[in-house]
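Subject: Structure handover

Hello,

Here is the structure I promised to pass on. Please open it first, then read the notes below.

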Amino acid sequence: MLLKRTIRTTTRDQLLDITGEVQAAVTEAGCRSAVVTVFVPHTTAGLTINENADPSVVRDLTEALARLAERDASFYRHAEGNSDAHIKSSLIGCSLQVLVERGKLQLGTWQGLFFCEFDGPRRREVWIQAPEGH
């Protein structure tokens, strides 16, 4: 079952914990034991699994990505002015797979799923493919 969720971001670079939304989709699909795929259909956004207990981890990740892909590097050629967002999206990736057992996402103690916005604020989509009743 393909479930789509809308994400609204409020800043240009932002990581949003979407673990709850993905778990809700798994529950809605009646998924019990499977591999769930989470995907973003955007070229300036991404998905990652990382620590969701300490907010400084999100800040550190955002800052490190900003240093890897500067916003206004003089060598960028893309006319829209968001080359850094495309680079960050490619570095992070646009999909994840997560194991589900007994209807629950199987994540480590400190892990959460994050939607990564690199060209906001925007209205975005997250697509979740969860096998029904498996």
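Along the sequence, the elements run β-β-α-β-β-α-α-β-β-β-β. That makes three helices and eight strands in the chain. Helices (H or I, at least four residues) and strands (E, at least two) are DSSP runs, numbered from the N terminus.

Two notes on the basis. This is a predicted model, where local features need pLDDT of at least 70, side-chain atom pairs count only at pLDDT 80 or more, and totals for chains, interfaces and linings use all residues. Residues are numbered from 1 along each chain as its sequence is written, and side-chain values use heavy atoms, with hydrogens and water left out.

**Overall shape**

The C-alpha atoms fill a box of roughly 50 × 30 × 20 Å along the principal axes.

Of the 134 residues, 40% count as buried. Buried means under 20% relative accessible area, exposed over 50%, and partly exposed in between (1.4 Å probe, protein chains only).

Take contacts between residues at least 6 apart in sequence: 83% of them join residues at least 24 apart. A contact means heavy atoms within 4.5 Å.

Helix 3 covers residues 83-92, and its buried residues are Ser83, Asp84, Ala85, Lys88 and Ser89. They pack against strand 4 (45-51) and helix 2 (55-68). Just after helix 3, Gly93 has a positive phi of about 100°.

Asn82 sits in the loop between helix 2 and helix 3. Asn82 is buried, at 4% relative accessible area. Leaving out residues up to four places away in sequence, Asn82 touches Arg12, Thr44 and Asp119.

Cys116 is in none, and the nearest cysteine sulfur, that of Cys94, is 11 Å away. Cys116 is buried, at 1% relative accessibility. Cys31 is buried too, with a relative accessible area of 2%.

Best regards

Technical notes:
A disulfide is a pair of cysteine sulfur atoms within 2.5 Å.
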